[in-house]
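Hello,

Here is the structure I promised to pass on to you. Have a look at it first, and then read my notes below with the picture open beside you.

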Amino acid sequence: MDLSLLKRRTELEWVIEPRGKMRVPGLLFASEPLVRAMDHKVFEQVTNVATLPGIRAASMAMPDAHWGYGFAVGGVAAFDPDEGVVSAGGVGFDISCGVRCLRTRLTRADVEPKKKDLADALFRAIPAGVGSRGRIRLSSEEMDRMLRGGARWAVEKGWGERGDLERIEEGGQMRDAQPEAVSDRARARMRDEVGTLGSGNHYLEVQEVAEVHDTAAAEAFGLGVGDVVISIHCGSRGFGHQIGTEALREMLDAGRKHGIDLPDRELACAPVRSKEGEHYLGAMRSAINVALANRQVLTHLTREAVGSVLPQSDLTLLYDVSHNTCKVETHTVEGKPHEVYVHRKGATRAWGPGHPGLPDRLRPVGQPVLIGGTMGTSSWVLAGTEAGMRASFGSACHGAGRAMSRHQALKQWNGKQVVAELESRGILVRSPSLRGVAEEAPGAYKDVTEVVLATEKAGLARRVAKLVPVVTIKG
Amino acid sequence: MPSPPAFETFAHDADIGVRGRGSTLGEAFANAGRALTAVVTDPASVREVLSVEIACEAADPELLLFDWLNGLVFEMATRRVLFARYEVKVEGARLRARAFGEPVEVARHHPAVEVKGATWTGMRVAREGGVWIAECVVDV
């Protein structure tokens, strides 16, 4: 990105001054090297989002922002309930895609001698990759219960423990989901995909806590150096994709009908208070519940698989975050509490200490913010901050972001080599697709640590612990 | 100069684009479908053991391409199949097609990634020098 287009407000804050139809400024949180590396499209997309009706404060981009669909991936924008809009491009295709992290009560020393057995057991237990099916078949009544109930439904069905729920955003159940707003085609895509990992950048990873940066927060999170945790990255599967696809089509007409002047067809949106807006919100919230239920069922399968190899394990949920959502939250806007529709697309909610929405044990330190890395590098656990609540509607980065296309990655690496190279470094990879492994090679991604450091320096979240991979199950 | 390929994928940041060419709109759409398969696997590795009928309708050719590709994504996902070849007829706003393929076989197809859906990014249906081109970016 051309730095001359931006006004540097602080070391980590870059402003796009309002011009033309922009209603608010653009605001990028990133280090200078990260801003330089960003595509010019990110500038255009942040600028375009700033023109949408009812946007509050600023159109924002997180340090890992890259060219996305309509909104940049890493985009955050909050809209007024009465004057604002809701946009499918502001949520993304994989609705409520997210990360959950489980503590295991195991150390690296416990896992190391059983690593291969553990990798094989997890690969057998977790349906992964294109064409995989889950073990659960849902009747249409049961589907409705899942769409309304989310992870709470899954726990009631026996896939999980009561204690899991308070460690999930929304207590595991997104309110105001409307199964009646969900099409038959979306239902058809989910009928046998509950409890599947998916493909692409989705994974399940056994990780070791390699570094602790904030002892008090790490203690509250139950993390210590040498501990083993398990992270699961996936979303609402075909269900969310179908709802996203249908919304892109329907919102094209809705925007026109409501007289919304769009700089780009990809920004198609509908007023929050409109039939189309409410329809999308009802379906999107159902998809959030699908993602929460899916990660909950995968947690159950993980517990069974890990228990079969390491019976002394005890898997408890640290936290579950979603990084593709639109949620109604109260934030301070122009000095007053204000209800807003916060779109986070490839951005993680990062509530600061004291937030009433956090469980008791976590409230003093802030929300765990789970940042996925790549197979060969690292992932991070951060904690939300008060400064982030003021600066970014309580939002932070979500991952590394690709540094090169799948095309380039495929030319540069071959799956077998990637697996062998990682194995020589003690990381076991299990995947149904070697081509998929090549496309997701660690070198195809940006350095997640650079993104995390920028996030911390910008005050959006603070580092708690660094995780390094031990076993990766790749979809 | 060699003629451009009938179908191809192209790089687009984190996602990927599909492009089909043909002497008719239907042929270009059929080839865009082959490019969609190429996102997942090598289309030459897919046998023709089953067929699926697909129909959609949209007055705007770009909307029609959007619906056609998303129709294929839906069939691939719900039937767990991959398609090798397509016969597509476009008459006015109506598209009727038959897609030929087989169930996904992981050991043979090494499917790399699921396609989530077609998007409006890079969406273009045009006739250039007597050749129809149909292309857009798909979300993966």
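**A sheet in chain B**

Please keep in mind that this is a predicted model.

If sheets are new to you, here is some background: strands of a sheet pair through backbone hydrogen bonds, either parallel or antiparallel. In this sheet, ten bridges link S4(B) and strand S5 (residues 94-103) of chain B in the antiparallel sense. To see one pair of facing residues, find Val90(B), which stands opposite Leu95(B) in S5(B).

**Chain B as a whole**

Stepping back, chain B has three helices and eight strands. Read from the N terminus, its elements follow the pattern β-β-α-β-α-β-β-α-β-β-β. The C-alpha trace of chain B spans about 40 × 30 × 30 Å along its principal axes. How does the radius of gyration of chain B agree with that of a compact globule? For 140 residues, a compact globule would have a value near 14 Å, and chain B has 14 Å, so the two agree.

Of the 140 residues in chain B, 54% count as buried. Among contacts in chain B with a separation of 6 or more, 61% are between residues 24 or more positions apart.

**Where the chains touch**

The contact between the chains takes 35 residues from chain A and 26 residues from chain B. On the side of chain B that touches chain A, the elements giving two or more residues are strand S1 (7-12) and helix H2 (61-79) of chain B. H2(B) provides the largest share of that side, with five residues. Sorted by class, the side of chain B that touches chain A has 14 nonpolar, seven polar and five charged residues.

**The nonpolar core**

Which residues have the most contacts inside the largest nonpolar core? They are Phe29(B), Leu65(B) and Val138(B), in a core of 210 residues. Helix H10 (residues 275-309) of chain A gives the most to this core, with 15 residues. Apart from its neighbours within four places in sequence, Val138(B) is in contact with residues including Ile16(B), Leu36(B), Leu69(B) and Val115(B).

**A buried strand in chain A**

Finally, look at strand S4 (residues 55-66) of chain A. Twelve of its twelve residues are buried, so S4(A) is largely enclosed by the rest of the structure. Strand S3 (residues 26-29) of chain A pairs with S4(A) in the parallel sense over three bridges, whereas S4(A) and strand S5 (residues 73-79) of chain A run antiparallel, joined by five bridges. S4(A) and S5(A) form a hairpin with six residues between them. In the turn, Gly70(A) has a positive phi of about 75°.

Enjoy exploring!

Notes
Residues numbered from 1 in each chain as written. Chains lettered and ligands numbered in written order. Predicted model: local features only at pLDDT ≥ 70, side-chain atom pairs only at ≥ 80, totals over all residues. Contact = placed C-beta atoms within 7 Å. Helix = DSSP H or I, 4+ residues; strand = E, 2+ residues; numbered from the N terminus. Nonpolar A, V, L, I, M, F, W, Y, C, P; charged D, E, K, R; others polar. Core = buried A, V, L, I, M, F, W, Y, C linked by C-beta atoms within 7 Å. Buried ≥ 20, exposed ≤ 12 C-beta atoms within 10 Å, placed from the backbone. Pairing = 2+ DSSP bridges. Rg over C-alpha atoms; globule rule 2.2 N^0.38 Å.
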